[in-house]
Amino acid sequence: MTSPNRVTLKPGDTIGILGGGQLGRMLALAAARLGLKVQIFSPDPDSPAFDVVQNATCAEYADVEALELFAADVDVITYEFENIPASAAMILAARRTVLPDPKVLETTHDRLAEKNFIQSLGIATALYADVASAQGLQRATAQIGLPAVLKTRRFGYDGKGQTKIRAGDNLETVWSDLQTKSAILEAFVPFEREISIIAARGFDGEVVCYDVTENEHRDHILKTSHVPATISDTLAAQARDIATRIANALDYVGVLGVEMFVVPGKDGTTLLVNEIAPRVHNSGHWTLDGASVSQFEQHIRAIAGWKLAHPLRHGDVTMTNLIGNDINDYAQWLAKPGATVHLYGKGTPRPGRKMGHVTEVKPADLSRK
Ligand code: AMP
């Protein structure tokens, strides 16, 4: 992979962000603190990120003229979600440096390409097989065994586009219900816990990892993160090493999240990589209040060509997502001593919609008691 074009922004320069959700909003706030301006590009007029920037482009990703004007207005471009249409990324990348390099998306867009890439680095994943038909699913279940998880190769997130298959399930029905032509079957992993690493890589190849985060999901959506994770120092070092190797192999510039399963076994505990998120990640939201520099600032520093921070953690941290109607409890959270509340300014609290989060930091000297 060729190294992406180096940019070095000055305070006052403008970062273009594709996507206007909460991640774009928190990136824009971090950029503002560093004296950088942000222009958001999003097709949704109700984008929460629009509320915190002066300049915004509300247009479809297929609107070539809007993309060209956007590229002309900004000094570097980044994105807050990974499902950027390849055509939009190409138009932008021909005019302005886009970071992380959109080539990364060719790997992370597709669960099969991503798993093949991870394995090519000698990093373990769950057993998996390519599935393109009901007959293919029969063959894959014979090879991998059940229970297993069938996932669409593209556009899956927060458990969408995936289904668990148990012994005795009708595979024809499972296949037609998923409504896809391309999927992977993964062995169901009997994990002890789920962890993630938030890592940043700068232009100079330096990689800085935050402490390992332990994640609990509810209905396939991240509910809480705890830092530090309850794993050994050896396993934590392995997790950092895995994320570093992935970031280096992708010649990555910016912040990425790597989700892993911790799996107990006869020969000790092992790590399996589940997924790579080529962006700031929900399990890194704790860094806003729990570390001296957040994942959002770290991403802005990386794509601006600035020095990465070596963030210090302020103590033991818990991050709780406010999902759907959880937002209605915001007043109780505001009243809770030590809690820091972040609300994303979204309208209607639909089920599964991430509306905000709360961080609670137990300072290191108190957490020892
Ligand atoms: P994903 O969309 O791949 O991140 O999956 C969402 C969640 O589903 C994960 O965080 C796990 O809790 C669960 N999950 C996904 N794949 C597997 C698997 N192969 N075995 C067990 N649980 C899984």
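A polar contact is a pair of N or O atoms within 3.5 Å; within protein, one must be able to donate a hydrogen and the other to accept it. The legends below describe a predicted model.

**View 1. Three domains make up the chain.** Domain 1 covers 14–108. Domain 2 runs through 127–187, and domain 3 takes in 193–367. Taken over C-alpha atoms, the centres of domain 1 and domain 3 lie 22 Å apart.

**View 2. Domain 1 meets domain 3.** On the domain 1 side, 25 residues are in contact; on the domain 3 side, 23. Together the two domains bury about 2,300 Å². Carbon and sulfur atoms give 74% of that area. Q22, M26 and L34 supply 24% of what domain 1 buries against domain 3.

**View 3. Polar contacts and salt bridges cross the interface of domain 1 and domain 3.** Six residue pairs are in polar contact across this interface, both residues at pLDDT 80 or more. The rule also finds two salt bridges here.

**View 4. R279 pairs with E82.** These residues form a salt bridge. Their closest N and O atoms are 2.6 Å apart, so the pair falls inside the 4 Å cut-off.

**View 5. Helix 1, strand 4 and helix 4 each give two or more residues to the side of domain 1 that touches domain 3.** Helix 1 spans 22–33, strand 4 spans 76–79 and helix 4 spans 103–108. The largest share, eight residues, comes from helix 1. By class, this side of domain 1 has 16 nonpolar, four polar and five charged residues.

Technical notes: Residues numbered from 1 in each chain as written. Predicted model: local features only at pLDDT ≥ 70, side-chain atom pairs only at ≥ 80, totals over all residues. Heavy atoms only, no water. Domains from an automatic or database assignment. Contact = heavy atoms within 4.5 Å. Buried area = accessible area lost by both parts, 1.4 Å probe. Salt bridge = Lys/Arg side-chain N within 4 Å of Asp/Glu carboxyl O. Polar contact = N/O pair within 3.5 Å; in protein donor to acceptor, adjacent residues only side chain to side chain. Helix = DSSP H or I, 4+ residues; strand = E, 2+ residues; numbered from the N terminus. Nonpolar A, V, L, I, M, F, W, Y, C, P; charged D, E, K, R; others polar.
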